[in-house]
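Let's walk through this model together, one contact at a time. Keep the structure open beside the text and follow along as we go.

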Amino acid sequence: MNRLAYLVVIGIALPAFAQDARKSGFDFMGPDTQAMQKDDLANPGMLSVLEGEALWKANAGTSQKSCASCHDDATQSIKGVAARYPAFDETTQAPLDLAGRIIQCRTERQGAPAPQREGRELLALTSYVAHQSRDLPIAPPKDARLASTRAQGAALYSTRMGQLNFSCAQCHDDNAGGHLGAAPIPQAHPTGYPLYRLEWQALGSLQRRFRNCLSGMRAEPIAAGSKEAIALELFLMERAAGIHLETPAVRP
Amino acid sequence: MARALINVPQKSKRGEIIEIKTLMSHPMETGFRPGMDGQLIPRDIIEKFVCTYNGEVVFSAQLHPAITANPFISFTTIATDSGTLVFSWTDNKGETQVQTASIQVE
Amino acid sequence: MNTTRRQFSLLAAGASFALVAPARATPDSMKASIQAFTGGKPVKEGRVKFDISLLVENGNSVPLSVLVDSPMTKDNHVTRIGIFNEKNPLPDVAIFNLTPRSGRAQIATRMRLNDTQFITAIAEMSDGTYFSAKSEVIVTMPACVEE
């Protein structure tokens, strides 16, 4: 059962994105949480990266091949890949997010069962892959075939939804830097995913984070891996182009 | 498949006080939290942590449900000799997970 | 004032609360726990440096560290450090067993905090004396959590 609480948002006057006023969620966190993210030996997200590394090297499925059998050393071969997703997938002729690409490799190339969205295996592999792009700038593909999906994401982002009739943009553009209750409102840049959210006490995906905001808005959840989720992700990546990746980040 | 991250300095001088950091992958389920079905999720926590240095216990801890998921413990020890540090985490069902790290002392 | 400045209120779900709230520790049950730790011996303030944030963003993971002033020799060292709280379901947090081989009486960990409250750290010395420090922590709620 939920207790309804009245939370007051006080926006701070910031013309959105004048010069480059864009900031990662990292910059909105307190010093303790920042310190936890910065120290790889204290960052709990690194446990998933470690697990992902083991999975990367382990044979899987009917092919009895590991990810490393084809991609070799991830620190070289996979570097920068996460910064370019979602991307347009030639096989399905549709946009695909990073987790979706990994599911595709698992099932079609390795002959393994499809890992569950938000499941431990997929999160571990995705965080290991995304970790190889840490400190690299987000670089969304310039692919024209993604334009309509990106536009769909942009529209979703500024559409009022749910019982509270809020849009993402109202919080993350108009009121970024202000507070929701005691929590600072960040600009919603997808810089650190999958990331360890203290609230979850676990690692989770960007699409899980969407669900949290949507539930705060009292809006219908968007299913992980759905067209809408990928559209929103694609739009946010475009909006965050050039900001550096942090995977695995830590957030409150 | 539980995993731990352990940090022991690569090389130390004899007599030096070194800091050891450990991070264990574990839900630390308190037993006070209801699951999706409204029933309390059974308690599942690490209760005991022990570090031995060449066979001798140099540090240990008893943990309660108030310790965070994926427990982080850091402590110090004096680098005496090269050898092995053994870390063990035992849960409330009595299952123990062990990891080792080697230490080089000059 | 900038015209883009806006104020609006939002009816949002706070953290989900359990229907059956588990029994909570109280300042009294914490005292009982501390009594059990010290065997009823007196506890003096001092010698313990307890480092924990005054204000935390999420009570699920609150970093803390304790440093006790002690030479850490065979004859004069800290044997245990206990952490206690007033308002979690249980008053005990953790007990750390140190040895002269620790070199320094210093530990760090992360704890859960149900609510704003005082946390106490107590050091047991090898001569059977006890020293403590306490600290108040204010816990704020994260926004937009899962249901």
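S5(B) and S7(C) run antiparallel and are joined by four bridges; two strands count as paired if DSSP finds at least two bridges between them. Helices (H or I, at least four residues) and strands (E, at least two) are DSSP runs numbered from the N terminus. Within this pair, B:Leu63 stands opposite C:Ala94 in S7(C).

Before going further, a word on conventions. This is a predicted model, in which local features need pLDDT of at least 70 and side-chain atom pairs count only at pLDDT 80 or more, while totals for chains, interfaces and linings use all residues. Residues are numbered from 1 along each chain as its sequence is written, chains are lettered from A and ligands numbered from 1 in the order in which they are written, and side-chain values use heavy atoms, with hydrogens and water left out.

Back in chain B, strand S5 (residues 56-63) also pairs with strand S4 (residues 46-53), antiparallel and through six bridges. B:Phe49 has B:Ala61 as its bridge partner in S5(B). The hairpin of these two strands has two residues between them, and B:Asn54 takes a positive phi near 45° there.

A second sheet also brings chains B and C together. Six strands form an open, antiparallel sheet in the order S1(B)-S3(B)-S6(B)-S8(C)-S5(C)-S3(C). Strand S1 (4-7) of chain B and strand S3 (48-52) of chain C stand at the edges with a single partner strand each, so one side of each has no neighbour in the sheet. On average, neighbouring strands here are turned by 15° against each other, direction ignored. On the chain C side, strands S5 (residues 62-68) and S8 (residues 105-111) pair in the antiparallel sense over seven bridges, and C:Pro63 has C:Arg110 in S8(C) as its bridge partner.

How much area do chain C and chain B bury between them? The value is about 2,600 Å², 52% of it on carbon and sulfur atoms; buried area is the accessible area (1.4 Å probe) that two parts lose on being put together, summed over both. In chain C, C:Arg101, C:Arg110 and C:Arg112 lose the most area to chain B, together 31% of what that side buries. C:Arg101 also forms a salt bridge with B:Glu56, the closest N and O atoms being 2.8 Å apart (a side-chain nitrogen of Lys or Arg within 4 Å of a carboxyl oxygen of Asp or Glu). One salt bridge is the count between these chains.

Axes are lines fitted to C-alpha atoms, for helices over the stretch in contact, with angles from 0 to 180 degrees between N-to-C directions; contact means heavy atoms within 4.5 Å.

A:Arg145, A:Leu203 and A:Ile230 of domain 1 lose the most area to domain 2. A:Arg145 forms a salt bridge with A:Glu90, with the closest N and O atoms 3.1 Å apart.
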